[in-house]
Amino acid sequence: MSTAPAARRVAVLGGGILGVSTAVHLLREGASVVLVTEADLASGASGRSLSWLNSAGERPTPYHRLRLAGIDRYRTLFAADPTRDWLRFDGGLHWAGTGSDEDTVARHEYETAHAYDSVLVAPATVGDHTPGISPEAVGAVAIFNPGEGWVSLPHLIEFLMGEFTARGGELVTNAGAARVLVEHGRAAGVATAAGAVAADAVVVACGPQTPAVVAELGVEIPDASPVSMLVTTAPVEHPVRAVLNTPRAAVRPNPGNTLALDHDWYEESITQDADGTYSIPEEVVDELAAEAAALLEGRPHLTAASWKIGRKPIPGDGEPVLGELDTVPGCFVAFTHSGATLGLIAGELLAGEIMTGRRHPMLETFRPGRFAVRASAEAGRWTSGS
Ligand SMILES: Cc1cc2nc3c(=O)[nH]c(=O)nc-3n(C[C@H](O)[C@H](O)[C@H](O)COP(=O)(O)OP(=O)(O)OC[C@H]3O[C@@H](n4cnc5c(N)ncnc54)[C@H](O)[C@@H]3O)c2cc1C
């Protein structure tokens, strides 16, 4: 960690939730901030995310604790105005595939063992917990997690950008692929086709492009980002309030009486075109909409109004990558799966580190340097064994 004095001017690369959140938290702490992004705000994963706010299932304790802190920050935002139609806390409903009831029960037991709010639900009583679900669709046993919620990231980004502008942040959109400038071994700003922007510190929050951006600095961050799709339905009358995670469709309410849908069973049907964009046969999109409709009471007809395809950021070891690069002081990275759940807390903790120079203990296991340490340990094993 650098012992340099607190940075005053910070360049943030990437206009997704992690870049925008970090930028706003930096402004709150008194930095001057320039936010530079390739295309429009929310044009990456944040513009096509299911954005279920959760720490369901099993994961290492530090990651679980960070996600709970992430949910805590959303709850604070929610409490400030519970009428927002883009941030809700109406719970999550999960069940596994046929014959996997033991997995569902084991997941529930794991969740309750560390006091994550988790209720086992039989199909006939699902309506006592959350409305709008067809009991016939529910597996023999389901889990209702009352403390979970969802956010629409494009709405959140727009909301945060109101504060960004009010606090004097400078926004550069359509900058093309920018890169980090290094001078005397330290991050010194960013370079775009239009020229250089000098800064005391740089944040790389480029979603799935983050490993490529830091690779230019000689830093390796393993990347496991798959291609994924989010479908948004046409407006439909529905009483659904919870986020549904089921064997063939994930569903969440979305502003404007629409629903957001995703899953992973169709990933192999996605192809990349010569211009780098992705496509999927329309019948696969319709199949996902039909799978989602089958979960809902009265089986309403769901029409896919739009679908967006692109890479979902996932680091190679599945854990968040948050913090300063050991080999390029002044360059900070924010690259994570579950970036919706972590969006507010990751921005807050990174901004604190940048402005104070003090490492936050909750980010300790998520440092980018862990990959270099592992690589050199593996190289050492190989050498000693050869
Ligand atoms: C289908 C799907 C479902 C998901 N479900 C959930 C969920 O249920 N819960 C959850 O917590 N998370 C979920 N996620 C993950 C979450 O949405 C992402 O982790 C989060 O949106 C990532 O935000 P980001 O700011 O890191 O990246 P992005 O939103 O991708 O933003 C990065 C930005 O950087 C820009 N950029 C890239 N390279 C450069 C460059 N060189 N110079 C300048 N700009 C650049 C891009 O154009 C982009 O706008 C899901 C994601 C997807 C795609």
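Helices (H or I, at least four residues) and strands (E, at least two) are taken here as DSSP runs, numbered from the N terminus. The model is predicted.

**Ligand shell.** The ligand is surrounded by 40 residues, and the closest are Gly16, Gly44, Ser49, Gly207 and Gly339. Three elements, α1 (17–28), β14 (227–233) and α8 (339–356), each contribute at least two residues to this shell. Sorted by class, the shell holds 18 nonpolar, 18 polar and 4 charged residues. Both domain 1 and domain 2 take part, each giving at least three residues to the shell.

**Domains.** The protein chain is split into two domains with the bounds below.

| Domain | Residues |
|---|---|
| domain 1 | 9–46 + 154–224 + 316–385 |
| domain 2 | 86–149 + 227–311 |

Their C-alpha centres are 31 Å apart. The contact between them uses 5 residues from domain 1 and 4 residues from domain 2. On the side of domain 1 that touches domain 2 there are 3 nonpolar and 2 polar residues, and no charged ones.

**Sheet.** An open sheet of 8 strands runs in the order β6-β7-β5-β15-β16-β17-β14-β20, with mixed pairing. β6 (119–121) and β20 (304–311) are the edge strands; each has a single partner strand, so one side of each lacks a neighbour in the sheet. From one strand to the next, the twist averages 20°. Within the sheet, β15 (residues 243–245) and β16 (residues 250–254) pair in the antiparallel sense over 2 bridges, and Leu244 stands opposite Val251 in β16. Helix α3 (residues 101–113) packs on the sheet, where it touches β6 and β7 (142–145). The direction of α3 makes about 30° with that of β7.

How values were computed:
Residues are numbered from 1 along each chain as its sequence is written. This is a predicted model: local features need pLDDT of at least 70, side-chain atom pairs count only at pLDDT 80 or more; totals for chains, interfaces and linings use all residues. A residue is near a molecule or strand if its C-beta atom, placed from the backbone, lies within 6 Å of it. Ala, Val, Leu, Ile, Met, Phe, Trp, Tyr, Cys and Pro count as nonpolar, Asp, Glu, Lys and Arg as charged, and the others, Gly among them, as polar. Domain bounds come from an automatic or database domain assignment. Two residues are in contact if their C-beta atoms, placed from the backbone, lie within 7 Å. Two strands pair if DSSP finds at least two bridges between them. Axes are lines fitted to C-alpha atoms, for helices over the stretch in contact, and angles run from 0 to 180 degrees between N-to-C directions.
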